[in-house]
Amino acid sequence: MGRLDGRVIIVTGGGQGIGRAFALGLANEGAKIAVADINRPSAESVAAEIGEAGSEALAVVVDVSSEESAKAMAATVIDRWGRVDGLINNAAFFQRPQITSGLIEEIPVDEWDKVMAVNLKGPFLCCRAVIGQMKQQMYGKIVNISSGTVFSGRSILHYVASKGGVTAFTRVLAKQSGDWNITVNSIAPGLTASDPERDEIIYQGRVSARSIPRVEAPEDLVGAAIFLMSSESDFMTGQTMVVDGGAVMR
Ligand SMILES: NC(=O)c1ccc[n+]([C@@H]2O[C@H](COP(=O)([O-])OP(=O)(O)OC[C@H]3O[C@@H](n4cnc5c(N)ncnc54)[C@H](O)[C@@H]3O)[C@@H](O)[C@H]2O)c1
């Protein structure tokens, strides 16, 4: 028996990296997974991987920054499984070369808008698309992926500002959702080796700042997601779990 048997969970940005690890890990605990991503082939590939491992999955193409697209994603999942128990807002716009600079004088204004649209408006739109269903169920689990950079102040200005927004959004939505037994929490990863094409030296660069001195893998984040999606966390809401090998302590 898995800890998430029968639960229906949407993972945005589930087609690669950390989102893929969430999708596979939650499916392994018995959840039915909607792998929601803007990239159709990667969403389909992860959904197929889950199917081959013996669990149920559905690939859904979504642009989380579009209200219409987020609503369509929720409708597709409800149409297929009749409910939504969990939502992981993981999709984000932050990897280079999409991000051209993190410095205040160099960030293109339209790039600032794009980062906010995907990373901050995206979770708002996806939560809004599923919250009515969760309220009807009198139960739901929302997990927003923030970043340890919010607490260290290190890294790319617009990206970190968007993730600071995610942390604040998590707290306010938690206050607004408790009456329906909906929990809203956040996971803040450290720099994680989610891109196999990125130079290993970049990931090694953060190791010495950690209490557990090694590179962080996407799989290191899965335990926190399983806990926050399970009934074991039903009385915990509005919180941010930092999972970074003990670099940031708060
Ligand atoms: N990798 C890290 O070092 C790190 C550190 C801290 C926090 N995070 C956070 O963890 C999450 C996952 O990171 P990752 O490294 O796996 O990212 P990634 O770039 O490898 O994957 C992001 C996924 O989101 C999808 N996506 C992008 N824009 C989208 C949109 N508009 N609509 C739907 N899907 C969209 C992409 O297609 C991709 O599959 C992000 O929220 C990121 O900010 C990552």
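This is a predicted model: local features need pLDDT of at least 70, side-chain atom pairs count only at pLDDT 80 or more; totals for chains, interfaces and linings use all residues.
Local features are given only where pLDDT is at least 70 and side-chain atom pairs only at pLDDT 80 or more, while totals for chains, interfaces and linings use all residues. Residues are numbered from 1 along each chain as its sequence is written, and side-chain values use heavy atoms, with hydrogens and water left out.

**View 1. Helices α4 and α6 pack against each other.** Helix α4 covers residues 109–137 and helix α6 residues 157–177; helices are DSSP runs of H or I with at least four residues, strands are runs of E with at least two, and both are numbered from the N terminus. The axes lie 9 Å apart at an angle of about 20°, where axes are lines fitted to C-alpha atoms over the stretch in contact and angles run from 0 to 180 degrees between N-to-C directions. The two helices are therefore roughly parallel, a term for angles under 35 degrees. Their crossing is right-handed, meaning that the near helix is turned clockwise from the far one by less than a right angle. By class, the contact holds 14 nonpolar, 5 polar and 2 charged residues; Ala, Val, Leu, Ile, Met, Phe, Trp, Tyr, Cys and Pro count as nonpolar, Asp, Glu, Lys and Arg as charged, and the others, Gly among them, as polar.

**View 2. Phenylalanine 94 and tyrosine 159 form a stacked aromatic pair.** A search of the whole structure finds 1 aromatic pair, defined by ring centres within 6.5 Å and called stacked if the planes are under 30 degrees apart. Here the centres are 4.9 Å apart and the planes meet at 20°. Phenylalanine 94 belongs to the loop between β4 (86–89) and α4, and tyrosine 159 to helix α6, so the pair ties together parts 65 residues apart in sequence. Tyrosine 159 is buried, with a relative accessible area of 9%, whereas phenylalanine 94 is partly exposed at 26%. Buried means under 20%, exposed over 50% and partly exposed in between, for a 1.4 Å probe and protein chains only.

**View 3. Helix α8 is mostly covered.** Of its 8 residues (222–229), 6 are buried, including Val222, Ile226 and Met229. The buried residues of α8 pack against β1, α1, β4, β5, β6 and β7.

**View 4. Helices α1 and α2 pack with their axes 10 Å apart.** Their angle is about 20°, which makes α1 roughly parallel to α2. Arg20, Ala23, Leu24 and Ala27 in α1 meet Val46, Glu49 and Ile50 in α2.

Methods:
Angles under 35 degrees count as roughly parallel, over 145 as roughly antiparallel, 65 to 115 as roughly perpendicular and the rest as oblique. Rings of Phe, Tyr and Trp (its six-membered ring) pair if their centres lie within 6.5 Å; planes under 30 degrees apart count as stacked, over 60 as edge-to-face and the rest as tilted. Contact means heavy atoms within 4.5 Å.
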